[in-house]
Amino acid sequence: MKQAWQQYLQIIQQVVKPALGCTEPIAAAYAAAVAARQLGCKPVRLEVVVSDNLYKNSMGVYVPGTGKIGLAIAAAAAAGAIGGNAEAGLEVLAAITPAQVAEAQELIDAGQVQVSRTSAPEFIYCRVRLLGLDAEGTEHSAEVTLCGGHTRIVEQRRNDEVTFTAEQGQGGATGAICDGVDISIAAIHEFATQVEFEQIRFILQASELNGKLSDEGMNNPYGLEIGRTMQQNIQAGLIGEDVMNRIVMRTAAASDARMGGASLPAMSNFGSGNQGIAATIPVVVIAERFGASEEQLARALIMSHLGAIYIKSHYPPLSAFCGNTVTSAAAAMAMVYLAGGSFEQSCHAIQNVLSDSAGMVCDGAKASCAMKVSTSSGAAVRGFLMALNSHGVSGQGIVAGNVEQTIRNVGQMVKDGMSATDSTIIDIMSA
């Protein structure tokens, strides 16, 4: 296998992984669970310090298994410290019990959980400090710091002594995942269509996990019930169940469930469950429509997920830019492949989606994220259909004459042009 292809597989396996709940509060829960394991006794006080962007994405989202929203449950750290499984990564709260949730809430009600924001070196940053008493009444402390990735521990302390420090470059920061890798949209397309099927079969788990979330959102009332509302209107004859509406309905339903606190994991992409959903469900629906084989679906999912990672590597992992836009652009590329389109048409699809919805901002994780997922997924279908007819946006606005320059333009817009927007959004939300 080509060296670059081996790197692509490593990239996918590093940042396409199951995650239970919104990854920002879950990052704090994970840090707390690791700290609790190190503490060695029952925690009686928690101090959680997070970056502005991690704070923004934790304010309005349900934490699975708790029935509670955001950092009111101490960014899920209280639950993580008492009932979390430090070995489970982003599924740290999968086995939490109602009794443990009640115990965590008691700590919060007693004023023993403190949450604050700080200026941080990375957009993803969380430091959790626990205080506890052993059987003899001796106080102990444990501290865990995550930086640059939702499970990327850079330092651990016990009783203020450093017990672990990550070596420079160890477990690299999420945003730098494509640095030094020979990768492009053309290379991704070649890899996805030519790599041996057995090497990428694992990506089919994305279809399984995110499909179950979609079913959960269709069958039960979560969040804004966007998927269920569309289904009701289809049944009432107000809209039809065409490919566009089916994709939007099924994708939104998965996000409804995820943001509404369903105790089911999403297959995340680049640290986002919603973006993992947006990279998966539309591709699965198109695969069903065209009668694709299991192998073709796997190749399309690799194209979608790796394409999304590559585009997102051009700007910070948390920002004022809704990443569902570029994820849906990558999904549109994969949809063209499933429909038998050419590589040139796949590039048209990416250009079309970025032209359509690149202005969508991120104002934190919450139930209404399902609306943004549905918006970007609808744009993916439009962009895909236009591309199949060889219509593509070119040389207009931030969309350049070729897809690689467009991707760089998006990165520049987010990095250089949206930092003030990000700060303003956080100020508004924190007022």
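Predicted model: local features only at pLDDT ≥ 70, side-chain atom pairs only at ≥ 80, totals over all residues.
β6 and strand β7 (residues 139–147) run antiparallel to each other, joined over nine bridges. Within the pair, Arg 127 has Thr 145 of β7 as its bridge partner. The two strands form a hairpin with five residues between them, and there Gly 137 takes a positive phi near 85 degrees.

β6 (residues 125–133) also pairs with strand β2 (residues 43–51), again in the antiparallel sense, this time over seven bridges. Here Cys 126 in β6 sits opposite Val 50. As for side chains, those in a regular strand alternate between the two faces of the sheet.

With a cut-off of 30 Å³ or more, the count comes to one cavity. The volume of the largest cavity is about 360 Å³. A total of 32 residues line the largest cavity, and those nearest its centre are Asn 57, Ser 272, Gln 275, Gly 323 and Cys 362. Two or more lining residues come from each of α2 (23–39), α10 (243–259), α11 (273–289) and α15 (369–388). Of the elements, α11 gives the largest share of this lining, with three residues.

Terms used: Residues numbered from 1 in each chain as written. Heavy atoms only, no water. 1 Å grid on protein atoms, 1.4 Å probe; cavity = no way out; pocket = protein on both sides within 12 Å on 5 of 7 lines; lining within 4 Å. Points joined across faces, edges and corners; volume = space filled by probe spheres on them. Helix = DSSP H or I, 4+ residues; strand = E, 2+ residues; numbered from the N terminus. Pairing = 2+ DSSP bridges.
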